[in-house]
Each structure stands twice: as C-alpha cells, then as structure tokens.
Amino acid sequence: METDQQPALFDRAHRLSTAGLLMLVTFVAFEAMAVATAMPTAVRELDGLAWYAWPFSAYLVSSVFGMVLGGDLGDRRGSRVALLTGVGIFAAGLLAGGIATEMSVFIAARALQGIGGGIISVSLYVVAGQAFDARLRPRLFGAFAAAWVLPALLGPVVAGLLTTHLTWRLVFLALLPLILLGLGLVLPAVRALPLPATSTAPPTTRRWWALLAGLGIGLLQYAGQRLDLLAVGLAVAGLIALVLGLRPLMPRGTVGMRPGLPAVIAGRGLLAGAFFGMDVLLPLALTELHGYSAAAAGVPLTAGALGWATASQLQGRNPRWSRVALLRAGFLLVAVGLVATVLVAVPGLGGWPAYLSWAVAGLGMGLGMPSLSVLLLDRSSDESRGADSASFQIADVTGSAVCIGVVGVLVAAAAAGTFSLSVAVLAGVVLLTAVALTGAVLAPRAGADRAVTADPAVRATTLSAS
C-alpha cells in the first residue's frame, strides 16, 4: 500500500550516501571559495604575478575536459569508478599545488584540480540519479547548495588566517585528508548501486572535443586581456574552437534553447553566466571605486551565498512547486539583483547597496539552480544521465567563462583609459541583466517534454561517444 510518508536524506537507506556527497561538496566548495584569498600571496611567492589569472583559467578550462571524462566514466564504468578517479585527481592537484615551487607547476596543479573537480561534479549527479528517487532530489540539491554556505562564510577568513600567519600552502594541503574522508563515507553506499549494462571502453572522441572547447575558452580569455590587434585573431580562433568543440558535447538545439532537455542545459549556462559575471566584477568595483578592504568587498558575496542557500532550502521543502515557475522566478530575481547593483557604479553613493542587492541575486540562484537540476534528471534516461550531466556542467562553465570574459574586456578597457571603471560596471550590469531576462523569457521551454533532438542519429552518436 502506498503512503504519503516522505523518505529522508538521512534515513537508513541514504545516510551514508548523503553524508559522503555533502562532505565532498563542502570541501570542494571550501577550496573554491578559499583559493582566491590565497592566490595573491601564492603568485607573489612564486614570482608569477604577471600570470595571476591563469591559475583560475587553468581550473576552468580543464574542468570542461573533466566533466566529459566524468560522464564517460559514469555511463561506462559506474559511479564508483568515476568518484574514485575524480577524487584521486583532485587530491593530486591539491598536493602538487601545495608543494609547487614554480608558477608553471602551480598552474599545472590547478589544471589537475579542474579535471578532478569536473569529474566529481558530474559524478554527484549520476549518484543522485541512481541512489535518490524523484521525491528526494529537490531536497538533495537544496542540501548541495546549503553545503556551500559554511565555505562561503569561513573559506576566505580561514584562508586569510592561514596565509597570513602560517603559509598559503595549507589552503591546499590541509584539505587532502578531509577530501579522502568524504570519499570513504560515500564509497560503501556507491558500491551497492547497479553497474552500467555495458563495460565497453568509451571512445575518446568527446574528450578531444572537450579539449578543443577548453582551448577556445582559454583563447577568448587571453584575447580579452590583450586588447590589441593580435587579440582580434585570438578571439576569432577561440570562438571557432569553442563552437566546434561544444557542438558534439551538447544536445542538438541547445544554443537555440529548443524545448526540453536542450533548454534545461542552455538555461544553466545563462543563469550561471549572469550571476558569476557580476560575482567576479563586484569585489573589484567595491575596492577600486569605494576603497573597500578585501574583507569588506567580500561581504556581498557572502550575502549572495546565504540568499542562495536560503532559497534552496525553501524550494527543497516544497517539492510540488512548479520547477518552471521557480526557474523563471530565479532568473527574474537575479535580474533584479543585477539592476540594483548598478548603484555601486555611483561614486558618491558608496557600495553599501551591494550588500542587499547581491542577496536578492543569491535568492534567484537558490530557486533556479536546484530547479534546473531536477528538470535535468527528469528528462534524462538512465543510459544518458552521465552524458547529459556532463553537458549540464559544461554549459555552466562555458556560460560563466564567456560572461566573465566579457566583463574582463570591459575592465581591461577601463584600465587602458578607454572609459572609467564606473562605466565598465554599468555596461557589465546591462549586459548581464539582458542575459538573465533572456533566461526568464525562455524558461518555460525547460518544462517541455519535447524530444532532445529532431535527429535521433545525432543523439545516438553523441551518447555512443559517452
């Protein structure tokens, strides 16, 4: 007899899986939040200040490859192998970064972390789809978002204290035993999950396309830094590489937000790009326009993280709410937060409005991101979940990279004296708000049940490569 009793994330059947997954999310999040604080000291000690942006870029670009590799491993070898591989590579990157004595080694270590982080991010979705039924998934994704709260609050502070009083290297090395502990908790539960129907070794085609897309992102970012004639050629080459690399990695119709799964994946890129484009620009604006300290300039980011977690918990407690309505509300709240943040560009006003406006944008992310995750799993079959999850994460990284790149071009132009930083902030807000409003208008397409692609052969080819 069916009952209305809801399963719980920490009941006997799920407690190990939930605890292990949340620990992995928490520690990966801590590294992501803390590394920006430690980076200036690290690159100065490694005599690599001219290459300051590349440890971030290396992580971002290599994570695209890691996401595709994670989808391959999850679909072909199972979530246990995927998690082991991802955590192992991520841990190797932490170790290499913590002991690096040259900037080139440090950048390579960050690339290793990106590969491992990409595999882990996709593996989380594979495990969520296998180990948690549809009723629990909204709560689980809400818990994933909540797991970012403590790192968002304490990560920069702890990293600052370690860097100032001990060494920046501990920001990397101290996480090693904690990452391994999270893996130890989740592995017993993951071992019980069913293995894929086939164990055929995956072809490497998708991985090479992922590398090409990553190269395209890197070229676009580098072109944005140069702002000279060569930058035009680099930007064109980067755009071509990005488009060619992404086409085999995404469901057909993703760029046009075709109803169904393509719209879900494209929505992830739009939402991430609109939010994280400003997330990068905001501390710089507060520091340069209003003289805020690094700690004070980071407070709005903490407010955004708290808003994100609050809204995620709210949607998780109401699994019957329409995911499409929540997604549209999320896009609109991000747009409102962006528009209100434009007040930061007013020199005489002060930066205090950002403390409130970015919390509003965080609320939008807390409603939109978990809803997209639920829609993804609802529209993915067991056979394609790994590949679809990889496309989902790749859209996130690509959307973020493109929007951050545009913001970087505006900042570089301001630094070159083309216009003021206030104008750069204003232009960035306008562009990112347009991205968010586009997502709000097209959000209903993510709720459609239309087939992934009009050409089954294309979809079959894409999946066979995963």
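**Salt bridges, a surface patch and a helix**

User: Are Arg-268 and Asp-396 buried or exposed?
Analyst: This is a predicted model, in which local features need pLDDT of at least 70 and side-chain atom pairs count only at pLDDT 80 or more, while totals for chains, interfaces and linings use all residues. Residues are numbered from 1 along each chain as its sequence is written, and side-chain values use heavy atoms, leaving out hydrogens and water. Buried means under 20% relative accessible area, exposed over 50% and partly exposed in between (1.4 Å probe, protein chains only). By that scale, both Arg-268 and Asp-396 are buried.

User: How far apart are the closest N and O atoms of Arg-268 and Asp-396?
Analyst: A salt bridge puts a side-chain nitrogen of Lys or Arg within 4 Å of a carboxyl oxygen of Asp or Glu. Arg-268 and Asp-396 form one, with their closest N and O atoms separated by 2.7 Å.

User: How many residues apart in the chain are Arg-268 and Asp-396?
Analyst: Helices here are DSSP runs (H or I, at least four residues), numbered from the N terminus. Arg-268 sits in helix H11 (residues 261–290) and Asp-396 in helix H15 (residues 385–415), so to speak distant parts of the chain, and the separation is 128 residues.

User: Which helix gives the largest share of the nonpolar patch?
Analyst: Patches are made of residues with over 30% relative accessible area and no salt bridge, joining like charges within 9 Å and nonpolar side chains (Val, Leu, Ile, Met, Phe, Trp, Tyr) within 5 Å. Here Trp-209, Leu-229, Val-232, Val-236, Ile-240 and Leu-244 form such a patch on the surface, with about 580 Å² of accessible area together (Shrake-Rupley method, 1.4 Å probe). Trp-209 lies in helix H9 (residues 205–226). Five residues come from the helix spanning residues 229–246, which is H10.

User: What distance separates the end C-alpha atoms of helix H13?
Analyst: The expected span of a helix is 1.5 Å times one less than its number of residues. Helix H13 (residues 323–341) has 19 residues and should therefore span 27 Å. The model agrees, since its end C-alpha atoms are apart by 27 Å.

Key:
Helix = DSSP H or I, 4+ residues; strand = E, 2+ residues; numbered from the N terminus.
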